[in-house]
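This report describes selected parts of the structure shown below. The text starts from a single residue and then turns to the core and the helices.

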Amino acid sequence: MGDILTNFFTGTVPIEAYLGLSLIMFFCGVYGFLTRKNMLMILISVELMLNAADINFAVFNRYLYPGQLEGFYFSLFTIAIAACETAVAIAIIINIYRNLKSVEVDNLNQMKE
Amino acid sequence: MDYSSFLQMHEEFSLLGVMIILLLYDIFASEKYLKYFQPIAIVLFLVHIVLNCVPRETFQVSGGMYEYLPIHSYIKTFLNIGTLIVFLQAHKFLNEDANRIKRGEFYFLTLSTLLGMYFMISAGNFLVFYLGLETASVPMAALVAFDKYNNKAAEAGAKYILLAVFASSISLFGISLIYGSTGTLYFNDLPALITGTPLQILAFVFFAVGLFFKISLVPFHLWAADVYEGAQTNITSYLSVISKGSAVFVLFTLLVKVFASLITEWQPILWILAVLSITIANLFAIRQKNLKRFLAFSSISQAGYILLAIISGSAIGMSSLVYYVLVYIFSNLAAFGVISVIEERTGKINIQDYDGLYQTNPNLSFVMMLSLFSLAGIPPFAGFFSKFFVFSAAASQGFYVLVFIALLNTIISLYYYLLIIKAMFLNKSDHPIEPIKSDFFARVSFAVCTLAIIAIGFISPIYDQIHLISFGM
């Protein structure tokens with residue numbers, strides 16, 4: 001534990017730590033997407049997945065290909081896109097709330113066969 | 001810095017021009033001129049199609065971020081024609097009092113998804129590709145939820161956006177792993193660096209999920225039926241034809257160009273997906289009562305047939321894919337057009353409502369019959385030729401078992417397509433749908449679709465041209 005903290009402050013965190021973090025974040029997002037019943041929580045889970053990919057881009061760029069900027073730019077664009085997606089998704093969720101007075105996915109069952 | 005190379009992106013700039021003109025016209029025109037909005041939109045879009053239909057020389061913009069190939073002109077023109085037909089069919093729906101205020105939005109959202117598809121098709125870098133993919137899917141969700149006061153539309157919109165973002169974030173994670181293992185995102189540099197390490201195979205599988213979702217192949221198809229049913233019919237037709245057509249084209253170019261060295265990995269994946277998509281979608285289509293759900297499953301199985309062209313990975317596969325998309329646009333849009341006309345006037349959408357349609361609406365039944373025959377692949381119509389080319393593309397690479405399974409499924413599909421034709425022509429009904437007079441724009445779209453379904457198969461220069469140009473892919 002002490003080693004990790006020293007590493008953190010001296011700036012030599014191994015790349016595996018970051019990749020492990022992003023992988024855990026990504027699968028937390030997948031798990032949340034599949035189990036949560038509230039649409040806002042589902043949206044948050046999806047955001048976790050997008051941000052995990054962003055961390056990957058930044059870390060790969062910083063550690064493996066320090067001479068270029070492609071990964072950083074990709075994360076910047078992804079952050080903007082994630083904001084757009086959230087805006088549209090929340091607009092649709094608000095519309096559902098107005099119609100059904102609920103944002104639980106269990107109520108979205110009008111088209112069941 | 002020299003920006004002149006950007007001006008070579010004619011298609012994108014002219015589409016952007018159409019979008020901006022329509023947006024400003026919708027905002028600033030007075031009530032007197034606003035009633036010409038839709039004819040002006042259609043004429044502008046027609047001009048855009050005509051200006052951009054001629055293939056040009058290959059070129060690159062911005063160091064290979066955007067790469068134009070002559071075949072892109074064809075696929076973009078076909079998507080344009082499909083969009084134009086959707087506009088013609090949506091004319092009546094958008095002229096209703098409740099929707100008149102929103103029609104500017106309809107055109108703007110539709111055209112922005114089309115712009116996203118353009119960038120997706122001509123992308124030379126994963127960044128441009130991802131931006132295009134998202135530009136194509138985010139406004140699409142807004143379109144699906146277009147009808148604000150309809151619960152079903154809102155539900156369909158929520159399902160679409162949440163699952164689309166889920167799929168695209170898996171895809172994005174895949175792209176990040178590709179970047180990590182190769183250090184570049186340019187399509188031209190990647191083939192040399194993708195050597196088939198386990199990480200790259202994992203990255204490819206993650207990445208492909210996003211595209212499989214857009215094409216709605218079977219393990220990723222669960223959104224399709226609900227979204228197709230909930231969205232307004234014209235929007236459903238756009239979603240099922242244009243969005244799918246662009247995604248299959250992009251899947252093909254990526255597999256052949258970028259992931260060519262992983263061919264031993266992606267061919268079995270596509271094999272399984274094709275068999276599953278065709279078979280399961282066919283079996284589910286048989287038990288559908290609602291015509292929109294029925295066409296949703298039918299379009300999933302059509303996507304499975306398109307995979308037969310992709311799996312061959314050859315130039316013949318490319319030309320048969322583009323040809324299949326062209327025929328599929330006309331056949332499916334004709335079917336959706338008839339359904340939307342009938343749904344708008346009477347609100348009837350189930351198959352048993354169509355009993356005795358031939359007595360009251362012979363023309364509509366005729367168009368519907370032609371489109372279903374074409375979708376099923378009955379010989380004199382265009383659908384037969386497109387299926388034939390797709391099958392021969394797969395057979396030329398030795399996928400005989402796959403072609404055989406697909407052929408068996410064509411017979412199953414013939415059964416359920418004929419069920420609708422039987423309902424229209426043979427079944428008697430005490431209360432058939434009353435005679436419907438469709439508006440001028442819808443009739444033009446039916447005429448175009450009918451002519452195309454009958455003629456495309458016989459006008460061999462069309463296929464020859466596509467074939468000629470697809471060798472330069």
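## Core and helices

Apart from neighbours within four places in sequence, B:A141 is in contact with A:V88, A:I92, B:G157, B:Y160, B:I161 and B:A164; contact means that C-beta atoms, placed from the backbone, lie within 7 Å. The model is predicted, with local features needing pLDDT of at least 70 and side-chain atom pairs counting only at pLDDT 80 or more, while totals for chains, interfaces and linings use all residues. Residues are numbered from 1 along each chain as its sequence is written, and chains are lettered from A and ligands numbered from 1 in the order in which they are written.

B:A141 is also among the residues with the most contacts inside the largest nonpolar core, which has 207 residues. Such a core is a set of buried Ala, Val, Leu, Ile, Met, Phe, Trp, Tyr and Cys residues joined through C-beta atoms within 7 Å. Helix α15 of chain B (residues 315-346) supplies the largest share of this core, 20 residues.

In α14(B), 22 of 22 residues are buried (20 or more other C-beta atoms within 10 Å of the residue's own). Helices are DSSP runs of H or I with at least four residues, numbered from the N terminus.

Just after α14(B), B:G313 has a positive phi of about 65 degrees.

How values were computed: Buried ≥ 20, exposed ≤ 12 C-beta atoms within 10 Å, placed from the backbone. Helix = DSSP H or I, 4+ residues; strand = E, 2+ residues; numbered from the N terminus. Contact = placed C-beta atoms within 7 Å.
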